[in-house]
Amino acid sequence: MRIAHTAVRVRDIETMRAFYERYFGGRSGEKYVNPAKGFESYMIRFGETTLEMMHSEHIGNPLPEGLGFCHIAFSAGSAEEVRRLTERLRADGYAILSEPRTTGDGYFESVAADPEGNRVEITI
């Protein structure tokens with residue numbers, strides 16, 4: 001058994017697609033559009049993992065903090081790459097929520113916010 005994909009609802013699908021392609025090497029397929037439902041999505045592949053980016057013209061307020069998925073994590077491969085990508089995101093104006101560090105459970109990671117404020121963990 002494996003997870004086939006994870007989905008996230010977004011307000012600005014093009015900005016979010018570009019962010020995950022530019023910084024995390026995602027490759028999106030063609031946009032799916034269902035005009036009758038006011039829905040559109042991209043399937044963005046990261047190796048064998050897929051993130052479905054969904055937008056609906058009927059999006060309401062997000063869930064209160066603490067409910068739902070907490071973050072998405074990308075393995076950068078090395079501590080140096082975690083630092084490099086963190087600095088690249090900072091230089092491009094993205095909020096760094098947690099500086100590169102070794103966590104209490106032994107992971108080396110940093111955390112940044114994507115364009116819509118979702119937490120993106122960058123780890124080894």
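## A charge over a ring

In this predicted model, Arg-17 and Tyr-42 meet in a charge-over-ring arrangement. The charged end of Arg-17 sits 5.2 Å from the centre of the Tyr-42 ring.

## Aromatic pairs

The structure has 10 aromatic pairs. Ring pairs also build a cluster. Its members are Phe-19, Tyr-20, Tyr-23, Phe-24, Phe-46, Phe-74 and Tyr-94.

## The four-stranded sheet

Four strands make an open sheet, in the order S6-S9-S8-S7. The pairing is mixed. Strand S6 (71-75) and strand S7 (96-102) are the edge strands; each has a single partner strand, so one side of each is left without a neighbour in the sheet. On average, neighbouring strands are turned by 20 degrees against each other, direction ignored.

Helix H1 (residues 13-24) packs on this sheet. H1 touches S6, S8 and S9. The direction of H1 makes about 10 degrees with that of S9.

## Strand pairs in the sheet

Strands of a sheet pair through backbone hydrogen bonds, either parallel or antiparallel. Strand S8 (residues 108-113) and strand S9 (residues 119-123) run antiparallel, joined by five bridges.

Arg-101 has Glu-109 in S8 as its bridge partner.

## The hairpin turn

Which strands form a hairpin with five residues between them? They are S7 and S8. Gly-106 lies in the turn and has a positive phi of about 95 degrees.

Technical notes
Residues numbered from 1 in each chain as written. Predicted model: local features only at pLDDT ≥ 70, side-chain atom pairs only at ≥ 80, totals over all residues. Heavy atoms only, no water. Pairing = 2+ DSSP bridges. Helix = DSSP H or I, 4+ residues; strand = E, 2+ residues; numbered from the N terminus. Axes fitted to C-alpha atoms, helices over the stretch in contact; angles between N-to-C directions. Contact = heavy atoms within 4.5 Å. Phe/Tyr/Trp six-rings, centres within 6.5 Å; stacked < 30°, edge-to-face > 60°. Lys NZ or Arg CZ within 6 Å of the ring centre and 35° of its normal.
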